[in-house]
Each structure stands twice: as structure tokens, then as C-alpha cells.
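Hi,

Here's the structure I promised to pass along. Have a look, and my notes come after it.

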Amino acid sequence: MEKFFLSELPLAIRESTLEATASADSIDLSIVAEGLFTANNIWMMMATALVFIMHLGFAGVEAGFSQSKNTVNILFKNTLTPVIGILTYYIIGFNLMYPGYETPGWFAFGGFFLDLPVNGNSADYASGGYTYWTDFLFQAMFAATAATIVSGAVAERIKISSYITFTLLFVGIVYPIVGSWKWGGGALDAAGFYDFAGSTLVHSVGGWGALAGIMLLGPRIGKYVDGKVIDKPGSSVPLATIGVFLLWLGWFGFNGGSVLSGDPGKVSFVLVTTSLGACTGAIGGLFAGYFVFKRLDFGMVLNGLLAGLVGITAGADVISPGWALVVGFVAGIMVVLSAITLDKLKLDDCVGAVSVHLVCGVWGTLAVGIFGVAADGTPMPFLPQLYGVAVCGATAFASAYIIFFVLKKLFGIRVSEQHEIEGLDSHEHGIRGYTIVYDE
Amino acid sequence: MEKFFLSELPLAIRESTLEATASADSIDLSIVAEGLFTANNIWMMMATALVFIMHLGFAGVEAGFSQSKNTVNILFKNTLTPVIGILTYYIIGFNLMYPGYETPGWFAFGGFFLDLPVNGNSADYASGGYTYWTDFLFQAMFAATAATIVSGAVAERIKISSYITFTLLFVGIVYPIVGSWKWGGGALDAAGFYDFAGSTLVHSVGGWGALAGIMLLGPRIGKYVDGKVIDKPGSSVPLATIGVFLLWLGWFGFNGGSVLSGDPGKVSFVLVTTSLGACTGAIGGLFAGYFVFKRLDFGMVLNGLLAGLVGITAGADVISPGWALVVGFVAGIMVVLSAITLDKLKLDDCVGAVSVHLVCGVWGTLAVGIFGVAADGTPMPFLPQLYGVAVCGATAFASAYIIFFVLKKLFGIRVSEQHEIEGLDSHEHGIRGYTIVYDE
Amino acid sequence: MEKFFLSELPLAIRESTLEATASADSIDLSIVAEGLFTANNIWMMMATALVFIMHLGFAGVEAGFSQSKNTVNILFKNTLTPVIGILTYYIIGFNLMYPGYETPGWFAFGGFFLDLPVNGNSADYASGGYTYWTDFLFQAMFAATAATIVSGAVAERIKISSYITFTLLFVGIVYPIVGSWKWGGGALDAAGFYDFAGSTLVHSVGGWGALAGIMLLGPRIGKYVDGKVIDKPGSSVPLATIGVFLLWLGWFGFNGGSVLSGDPGKVSFVLVTTSLGACTGAIGGLFAGYFVFKRLDFGMVLNGLLAGLVGITAGADVISPGWALVVGFVAGIMVVLSAITLDKLKLDDCVGAVSVHLVCGVWGTLAVGIFGVAADGTPMPFLPQLYGVAVCGATAFASAYIIFFVLKKLFGIRVSEQHEIEGLDSHEHGIRGYTIVYDE
């Protein structure tokens with residue numbers, strides 16, 4: 001029985017490829033460089049896919065940790081967040097974040113849209129490690145992350161129209177401008193500020209937005225009663241767990257992709273520090289949660305794990321594995337202390353987003369100035385870290401506060417009391433998150 | 001303390017490798033080409049894994065959007081679908097789809113099974129971008145997709161034996177023969193028909209099968225009563241959302257892998273158009289759903305997103321990002337209009353599979369002839385697209401209709417009224433999908 | 001409108017890279033080798049990520065197949081398992097498993113921790129296919145797998161403190177020492193024992209631990225009553241299905257990564273045998289389940305699929321696709337027979353972990369000596385397989401039995417009757433797995 005794929009044809013094809021290469025007398029340089037370039041770009045595309053799946057991770061954490069009457073609303077928000085993030089990044093964000101500063105500054109704009117040639121042959125336009133298109137999509141996935149952080153904190157009582165308007169402005173404008181200061185070669189970069197994969201530029205920026213949101217929204221009805229904090233049990237711990245595992249998985253791309261190539265040593269080193277930070281973050285959350293609540297608090301394990309990931313993100317490439325353990329452990333403890341403190345202040349954060357992303361984002365950024373070692377072996381300086389944290393924090397918080405404040409004055413940002421009590425799903429979406437029945 | 005991995009040994013090994021390469025006086029060509037070949041093959045294997053996970057995506061969408069009394073039945077079908085798909089593709093499908101036409105035609109067969117040497121050293125048999133084994137597995141994952149599309153539409157009332165028999169025939173024979181006409185170098189390929197990653201060859205073929213199925217099955221009991229469409233609430237919106245996100249993720253491999261190499265420019269371009277199509281599909285579904293149902297219909301957002309992905313699939317490599325936005329947006333609107341129309345016709349599709357995969361598969365294929373630009377910069381022609389859509393559609397629909405019709409006459413394809421009302425899980429599988437109790 | 005990314009700058013950068021390469025007169029060897037090395041390392045990092053996500057797969061299977069009153073407890077255990085696994089592997093496991101035997105033996109230790117240079121430039125220390133860091137993380141993900149297998153079997157009645165202590169010792173010490181005998185170049189490797197990706201070293205080692213655990217724990221209350229086996233319905237079949245699909249996905253990395261490079265022919269061959277084994281495993285479980293239980297037993301399909309994966313793991317690179325079908329099918333049947341047998345012996349395994357991982361792990365390892373063909377075309381010998389199975393099995397079982405036995409004598413390993421009946425979630429964690437309510 002003759003077989004197409006077993007004939008000598010493909011073998012011949014392959015040999016002829018090699019001959020063609022050899023026949024140039026000296027080796028064809030484009031094939032040599034293309035191997036490395038292709039490999040690097042593949043890593044960056046996989047990293048993009050991994051960061052993408054973090055949006056499902058966030059959706060899982062937020063829907064799992066919030067009440068079943070609002071499940072659809074949360075999933076609706078979290079599905080639209082990457083959609084809005086990618087579209088706004090396509091329209092203006094990418095060229096706001098990487099505008100090509102003539103001198104390092106605070107604002108520049110590279111123009112609307114993308115407009116490379118249609119037929120995909122964009123390799124010529126690529127920098128060393130990946131193509132223009134990979135660059136755009138990887139960064140677009142990052143952009144959407146900042147908004148999704150806000151989503152969790154303000155859940156269960158924010159008006160959907162307010163959230164969408166906020167997201168359009170925050171992801172479309174605030175995030176890329178702040179990002180441009182470091183990653184776009186702007187003023188913070190020139191000032192020596194270091195943020196490898198975004199403890200500040202992504203996580204604390206999102207966290208500051210979340211803080212502004214919950215300050216202006218106020219706590220959920222019945223959350224703080226007579227000086228007590230009332231638990232609002234989440235609908236599904238398995239869903240939240242799926243979310244956390246997917247976030248850890250996604251962080252392989254978030255941090256691993258931030259090397260901006262497939263550099264074997266650098267990327268794999270980053271994956272190790274990232275995973276170690278996650279592990280001790282979980283342990284820190286477990287210990288602190290046990291100390292405070294006298295139980296094996298699973299929510300604190302999960303949030304501790306995320307806290308460890310956020311914490312190690314700023315210095316995953318410059319902090320040794322041993323210190324990564326410390327950074328993660330401290331982050332895991334901080335997330336518990338922060339959650340308690342916020343509740344004391346009656347700042348109601350449904351999923352602990354401020355504690356995980358703002359507090360541990362700041363911690364991780366400062367940790368670079370404490371434990372980080374530069375490529376030349378010298379310690380990383382601390383003051384530029386403090387400066388970057390302050391400048392980005394002030395900008396992100398003020399911007400978010402202003403956006404939410406104006407929306408509140410103009411339209412109101414909170415659903416009616418009735419809708420909040422009865423659940424957003426039935427009122428805004430007309431369906432329930434779960435319909436599990438066996439009798440008709 | 002001496003450490004194995006820290007001794008000079010590995011360093012020496014690495015240096016000796018380089019020396020061995022250099023000692024050939026001129027560079028060893030196999031290593032040069034192997035770098036690129038290895039990278040390409042890695043991308044194709046990752047794409048295979050991503051397409052595989054689409055089967056979990058489909059399982060999530062279908063189980064989430066259908067009633068809890070049939071959850072196990074749906075998961076059972078969707079687990080067996082890739083199993084059957086891969087096995088039939090191994091036995092005959094692969095060699096039906098890539099039979100090695102001597103002249104472009106309508107049927108050829110390359111023989112049963114795979115039979116390369118055992119010990120994995122198949123690189124010699126590979127074409128430029130990936131090995132024979134990668135080729136087989138990537139295509140096998142595609143094949144199973146076509147059947148899984150049918151699964152969703154016919155859910156909640158089809159006999160499991162009918163579904164399995166149908167799947168064996170449809171995936172084992174119909175899908176690969178139709179596929180061979182374009183991707184196997186057959187008659188449609190020669191006619192200038194273009195379908196990059198399968199808007200027609202996979203999605204509308206599956207969609208036509210689904211349409212035939214629901215026509216012959218009839219609607220679920222109680223779906224259309226007194227001229228009204230009665231909602232059958234899905235068991236779990238989070239599960240459906242997980243499904244949609246995994247499908248989007250999987251589409252990175254579905255479209256990105258259809259480049260058939262890791263070509264940096266082409267693949268990353270395709271990922272961008274794919275993601276943009278998904279985004280505007282979601283927006284289109286949101287708008288159309290709001291216009292029609294006067295609510296923020298989350299189901300239409302999710303199906304719109306999938307519609308955008310299906311729509312851009314045929315031309316993801318030849319349609320510019322700007323037009324990709326349009327293709328996705330139109331698909332998102334069409335999915336809503338189609339869902340309403342099918343309900344008007346009392347064609348009961350549990351999860352909207354016909355609207356998403358058939359309607360938007362056709363739309364996407366025609367869109368290549370409207371917005372597509374060939375590698376030489378000329379517009380892609382429209383008529384071959386229409387021709388391909390018609391030929392594949394007629395074949396897929398007729399084949400599926402005949403299979404279901406014969407099965408209906410011989411054995412019946414629908415469960416008893418009692419089983420349908422009480423749920424398939426308890427009758428066919430003896431367990432329930434969810435058992436959430438806290439009191440014994 | 002001028003655009004940064006569309007200017008000639010990046011093009012110039014790229015060209016200058018190529019020139020720099022060429023200007024060395026002869027080609028720069030490091031770039032040539034770097035392309036292949038980078039590609040190989042990328043595959044291994046992706047494999048690491050895929051093995052990581054198996055931990056979510058296990059969490060899904062175990063939480064889905066066990067009762068809702070213990071859901072949080074199971075998720076808690078399964079989240080801490082990779083955390084503990086990675087940390088112990090970092091501290092001692094890695095250097096116990098790859099200690100650098102001077103002569104092949106039974107024990108050696110390479111010292112505590114990892115201590116390569118901080119700044120990620122570890123490529124010089126790498127062996128051919130991946131970096132030191134990738135090596136560590138890939139193997140660490142494997143290590144945690146062995147413990148997670150135990151977790152499922154002993155669920156619903158084990159004390160959390162006992163489980164954690166057991167895991168620390170089993171993953172930190174037993175697993176790496178046993179592993180060193182083959183993969184670390186120890187005595188079993190010298191004896192000709194073959195275990196490609198761990199049917200014995202990972203799966204049956206975990207399975208023996210699980211068997212010891214359920215022997216010493218005893219069955220759950222109410223599991224065996226008056227000679228009958230009482231079903232304990234799992235909380236969520238969708239969750240278990242998600243778990244199984246993620247395990248299959250993860251096995252792309254588990255087996256595919258065990259090639260220890262991105263070798264195109266070898267890795268893709270392994271993916272094909274792995275997937276074929278999974279498929280016929282599912283079919284075997286379906287048939288055997290139908291024969292025994294007279295129903296379409298979905299649990300047996302899922303466990304059969306996993307059994308097929310476990311079975312093919314030892315010989316995925318040396319067993320032909322045709323025999324892989326047989327190995328998987330037999331494994332699928334064995335898992336059903338084993339489950340029945342265990343119930344006859346009143347050995348209560350909540351999720352079938354012993355049947356899947358121990359029984360089919362042994363089967364798969366022996367199958368190498370039946371169907372395997374070495375690289376030189378000769379059959380693989382059978383006796384070394386039997387020897388390896390016996391030595392590893394005796395060691396793993398005895399070690400696990402001793403650990404659990406000592407823990408039982410010292411502290412007790414089982415929760416109180418009241419806690420078991422009322423559920424571990426409310427007593428140990430203070431929350432419920434699911435809180436789905438729509439009325440307040």
C-alpha cells in the first residue's frame with residue numbers, strides 16, 4: 001500500500017532545503033538568524049496566550065469569591081474587560097505606551113491604530129526578539145490586566161455602565177501613559193526606576209484604581225454592621241481555585257514574557273523566582289491567616305499565593321531564588337494584614353484586589369531596591385524605586401478617583417439598593433449564574 | 001559543598017558541542033536548519049495542544065448552556081468526541097484528507113493507519129515546518145472539532161448511540177473528504193477557493209451537520225409553546241464562560257497553527273486579526289442582543305465572541321486588522337439575528353451552534369472574497385469563495401442529513417419523552433452532574 | 001502620520017544584527033547553537049507549564065469526584081501540594097534526585113538549595129537541551145505530582161496535618177531518592193530498567209503511597225455497609241471533567257517534556273502515542289464499565305482515559321502507535337477491574353487513584369518489556385522492568401506505610417467521626433465549597 005507521506009518525496013524536499021542552504025557557498029545568514037528569531041517570537045506568542053488566559057483566571061477568582069446573585073454580572077464585566085482592553089490598545093494605547101520619546105518625558109503619542117502591511121510579512125519590522133504584531137498583542141493583554149484588577153474590588157454594587165466607561169478611560173489612556181514612563185523609555189526609565197514585569201506599572205496601577213473605586217462606591221449593604229465585618233460567602237471555591245491556578249500559569253507568560261525574548265537563561269531564571277515567590281506567598285498567607293483567624297483559611301492561601309506572584313514581579317530577573325522566597329513570604333503575610341486593615345477602614349474590597357495588587361505591588365517594587373542585584377553585580381538602588389512607586393501611585397489614584405468622581409456626579413456609579421440586594425444578575429442580565437435543578 | 005550541576009562539567013559539555021560544530025571546518029548545516037525546524041515544530045505542537053483544549057472549551061460551553069439534568073450526558077459526548085475523532089483520523093481520516101491527489105480531484109485515499117518507523121526518528125519524513133507526527137496530531141485535533149460542533153446543537157434529546165454513530169461517520173469520512181478538496185490539494189484548491197483555517201472546512205461543515213441534526217430531531221419538549229420561545233436556563237454560566245475563554249485561547253493554535261510553521265510575521269499577524277475579530281464579535285453580540293432583548297445579554301456576548309472568531313478564521317492571514325474588526329462585528333450581529341430566525345423556524349439549537357459555526361462560517365469565508373488581499377497585493381476573488389461554500393455546504397448538509405435520516409429510520413435518534421423530561425443523566429448514566437448538599 | 005514602529009529604524013536594527021553576525025568572517029557559532037538551544041529550552045519551559053497545570057487537573061478530578069462537604073479541604077490540599085513539592089524540591093529534592101552518582105548506586109546527595117549566579121545568565125551551565133533553571137522547575141513540577149496522587153485516594157477523612165507531614169517526607173525524600181535510581185543515573189538505570197516519563201517513578205510511586213494511606217486510614221464511614229458498596233456522589237462532574245481534560249493537556253508536557261529537548265521527531269512521536277493511549281483508555285473504560293455496571297459510566301470513561309495516559313507513559317517513546325492503542329485499551333479495562341477489586345477488599349479510594357496510577361503505572365512499565373523497541377531496533381527486555389517495578393514499589397509502599405503508621409501512632413491520621421460526617425470544610429476551614437443562593 002503506497003502512502004503519500006511515506007514516499008521519498010518529503011525526504012527529498014527536506015534534503016533539497018539543506019542543499020539550497022549549502023549552495024550559497026557560505027551559510028545563508030537569514031536562516032541562521034531566523035531560527036533564533038523564530039524561537040524567540042514563539043516564546044513571546046506563547047507568553048501572550050498565557051497572559052490572555054489570566055483574564056479567565058481573574059474571572060474565576062472574582063466570580064468564585066463573590067455572591068451567586070452577581071455571578072453573571074461579574075463574568076460579563078470580566079469578559080468585556082479584555083475585549084475593551086485590546087480594542088482601546090489597538091486604537092490608541094499601544095502608541096501612547098510606546099510612543100518613541102525623542103527625549104525621555106511624560107507624554108508622547110505615536111498616532112492611532114496599527115498600519116503595517118496586510119499580508120503578515122512583518123518580520124522586517126521586528127526588533128530583535130519578536131515581531132511588531134507579537135509586541136502589540138502581548139502588550140495589549142497586559143493592558144487589559146490593569147482594568148480587571150479594578151473589576152474584582154468594585155464588584156457586586158457598581159453600575160455596569162460606570163465600570164465600562166471607567167475601563168475605557170483607565171485602560172485606554174491612564175495605563176499606557178503611566179506605562180510609557182518606564183517601558184516606553186520615558187522619564188521614570190531615565191530616573192533609574194526598575195519594574196521588570198509590572199508590580200507597579202500593572203498591578204499597583206490597577207490596585208490604585210481599585211482603591212479609588214471602593215472609596216467612592218462605599219461598602220456593600222450589610223458588609224459592616226455594628227462594628228462587625230459580615231462575611232459574604234463566595235459562590236464557588238472551586239471556581240476561585242481554578243482562577244488562582246490559571247493566574248499562576250498565566251504568570252509564566254506575564255513574567256517569562258517580560259524578558260521580551262526566549263533567552264534561555266533569563267527566562268528560565270525568571271520562571272523559578274516567580275514560582276518560588278508564589279509558593280512562599282501561599283505559605284505566608286496560610287500562617288498569617290491561621291494566626292489571625294485560627295483556622296486553615298483557604299482564601300488567604302489563595303490570595304497569599306497571588307500576593308507572592310505580584311510581589312516578585314518587579315524583580316523576578318534581579319532577585320535571587322533565596323530572596324524570592326522572602327519576597328513572596330512577606331507578601332503573603334502583608335495580604336492578610338492589609339485585608340484586615342481595609343475592613344477596619346470599612347473599605348470593602350470583594351476579592352482582596354487592593355491587598356493583593358496594590359499593597360504587594362508596592363512591596364515588590366521596593367523589594368527590588370532591597371534585594372535586587374544588577375547585571376553588573378551591584379545592588380539595585382532604592383530611591384528610584386520609591387520615586388517610581390510614588391509617581392505612578394499618585395497618578396493612577398488621582399486619575400481613577402477623578403474618573404469615578406465625575407461619573408458619580410454625572411450618572412451615579414452604584415446600582416439601586418433593590419438591585420444590590422436582589423442581585424445584579426436578575427436585574428441587569430435577566431439570567432442566573434447557576435440553575436441546578438433535578439425536578440421539574 | 002560540591003554540586004553536580006555547578007561543576008565545570010556542563011560548561012565543558014556545552015563548549016565541546018560548539019567545538020564539534022566548528023570542527024567540521026564549515027558549519028554543520030543540519031544544526032543550522034535544525035534550529036529553525038525545531039522551533040517551527042514546537043509552535044505546531046503547542047498549536048496542537050491549544051486546539052486540543054478547545055474540546056474542553058466546547059464541553060464547557062455546551063454543558064454550561066444546557067440544563068443541569070443533562071450535564072453528564074453532554075460531558076460524556078464531548079469527552080468521547082475527541083477520542084473518536086483522533087481514533088478515526090488515525091484509522092482512515094488522515095489519509096482521506098491528505099491522500100496525495102495525482103491530479104486535483106474529489107476523492108483519493110492514502111491507505112489505512114500511520115506506519116512510520118517506531119523510534120520517533122521521523123524528522124526525515126517531515127516537510128519544512130513540522131514532523132509527520134505533529135502533522136497528524138494537529139489535523140486530528142481539527143477533525144474532532146467538526147463533530148463537537150454538532151454535539152451542542154443536538155444536545156438534551158439525542159440518543160447517545162445515534163450521536164456516536166453519526167460522529168464516527170461524519171468525522172471519519174465526511175469531514176476528511178470535504179477537507180481534502182482544499183487542504184489536501186483537491187478540486188476546490190485548484191478552483192482558487194481559499195479557507196485559511198477552516199471557517200468553511202471545519203466550522204460550517206460542523207454547522208451543516210448540526211442543522212441537519214436539529215431538523216430531523218425536532219425541538220426539545222416545551223421549547224416552543226403557543227408560538228412562544230421558552231427559555232431553558234443553562235446550568236452554569238461560569239462553566240460556559242470558562243468554555244468560551246478556552247475556545248479563544250485554543251484559537252491561538254487553531255488559526256496560529258494553520259500557518260503550518262512558526263513563521264514569526266505570519267503567525268503573529270494571524271493572532272492579532274483573530275483576537276480583534278473576537279473582540280468586535282463580542283461587541284456586535286452585545287449591541288445586537290441589547291437591541292433585540294433590551295438587556296445586557298451575556299449569552300449573546302459569548303456567542304458573539306465565538307462568532308467573531310469563526311468569522312475571521314477563513315481569512316485571518318489575508319484580512320487587515322481594520323477589516324478584521326468589521327468581519328468580527330458583523331459576525332457578532334449575525335449570530336443574534338440567526339438565533340432569532342432559527343427560533344422563528346422552530347429549529348431548536350441548544351447552544352447556538354448553527355448560528356455561530358454555520359452562519360458565521362459562511363460569512364467569514366465570503367468575507368475573504370470581500371476584504372482579503374493576496375500575497376501579491378491583489379484582492380482575493382469572490383466567486384471561488386461562493387463556489388466553495390456551496391459545494392462544501394451541500395455535501396456536508398446532505399451527508400449529515402442522510403446519516404441522521406437512516407439512523408432515524410433504523411433505530412430512532414431521539415430518546416423517549418420520559419427520559420427527555422426527567423433528564424438523560426439519571427437514565428443513561430446513573431449519576432447527576434451536580435450533587436451539592438451540606439446536610440445528610 | 002509618522003509612526004515609530006513603521007519607521008526604518010527597526011529594519012535597520014535587524015539588518016545590523018545580521019551584519020554583525022556575518023562580519024565575524026565565519027559564522028558566529030554561538031548564534032547557530034543558540035537558535036536550537038533556545039528552541040529546546042522553550043519547549044521544556046512550556047512542558048513545565050503544562051505539567052504545572054496538571055495540579056489544577058488533579059484538583060478538579062479530586063474535588064469533582066468527592067462530596068461537596070469536603071470540597072474546600074480537597075482544594076486546600078491540592079493547592080498546597082505543588083507549593084510543598086516545589087519548596088522541598090528546591091531545598092533538597094533536586095539534589096537528591098540528580099546527585100551525580102560517582103558509581104551507579106542507591107543514594108547520594110548533591111547538597112542543599114540551588115546556588116547559581118543571580119542574574120539569570122545560566123546558559124553556560126546548561127546541558128544540551130535546556131538550562132539549569134528549566135531543569136529544576138520541570139523536575140519540581142513532576143515531584144509534586146507524586147504527592148497529589150496520594151491526595152485523591154485519602155480524601156474526605158485524612159487529617160490535614162497528617163497529609164502535609166506525609167507530603168513533606170514523601171515528596172521531599174522518598175520520591176527523589178527512588179527517582180535517582182533511574183533518572184539520576186543510579187542502580188536501576190545501570191540494571192537496564194526503562195521508564196521514559198514515570199509510569200513507575202511518578203505514578204506507581206504515588207499510587208503505592210495512596211495504597212498505604214487508604215490501608216491505614218480505613219474506608220469512609222458508610223462506604224461499605226452490609227457487604228454493599230455505597231456510592232458517595234461527587235459534587236461536580238463538570239469539575240472532574242475539567243480536571244481530566246487538563247490532565248490530558250498537561251500530559252503533552254509530562255511525556256513530551258520527558259524527551260528533555262524539543263527534538264522534533266521524538267517529541268511529536270511521543271505526543272501521538274500519548275494521545276492514542278488516552279483515547280483507547282477511554283474506550284476500554286467505557287466498555288468495561290458498561291459490561292460491569294450496565295450503564296454508560298462516565299466516571300469509568302474519565303478514569304479509563306487517565307489510565308491510558310498513565311499506561312503509555314513508561315514507553316511513549318519506544319512503543320509504536322499501534323501497540324500504544326493496545327496499552328491504553330488494556331489500561332482502561334484494568335482500571336475498572338481494579339476499582340471493583342479494591343471495593344471488594346474494602347479499600348476505599350475516593351477517586352480511583354490507586355487503580356489509575358498504581359495498577360496502570362505497573363502495567364505501563366511492564367508493557368515496555370512487551371511492546372517496546374529500542375533505538376537499535378531490538379526488543380526492550382522484560383526482566384529489568386519487573387525488577388524496577390518491584391524495587392520501586394517495595395520502597396515506595398514501605399516508606400509510605402511507615403510514615404503513615406508512625407503518624408497514626410503519634411497523632412492519629414484520621415479526623416473525628418463528627419467532622420467526617422459533617423464535612424471537613426466547616427470544621428477545618430470555616431467555609432463551604434459552594435454557596436449558591438438566590439433569596440436572602
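Predicted model: local features only at pLDDT ≥ 70, side-chain atom pairs only at ≥ 80, totals over all residues.

Residues are numbered from 1 along each chain as written, chains are lettered from A and ligands numbered from 1 in written order, and side-chain values use heavy atoms, leaving out hydrogens and water.

Chain A has 15 helices and two strands (DSSP runs, H or I of at least four residues and E of at least two, numbered from the N terminus). Of its 440 residues, 68% are buried, meaning under 20% relative accessible area with a 1.4 Å probe, protein chains only.

Now the pairs. Helix α3 (residues 71-97) of chain A packs on helix α4 (residues 132-153) of chain A at about 130°, axes 7 Å apart (lines fitted to C-alpha atoms over the stretch in contact, angles from 0 to 180 degrees between N-to-C directions).

Helix α10 (residues 298-313) of chain A and helix α11 (residues 321-344) of chain A cross at roughly 130°, their axes coming within 7 Å. That contact involves G304(A), G308(A) and G311(A) of α10(A), among others, and residues including G328(A) and G332(A) of α11(A) (contact: heavy atoms within 4.5 Å).

Cheers

Terms used. Buried < 20%, exposed > 50% of the residue type's maximum accessible area, 1.4 Å probe, protein only.
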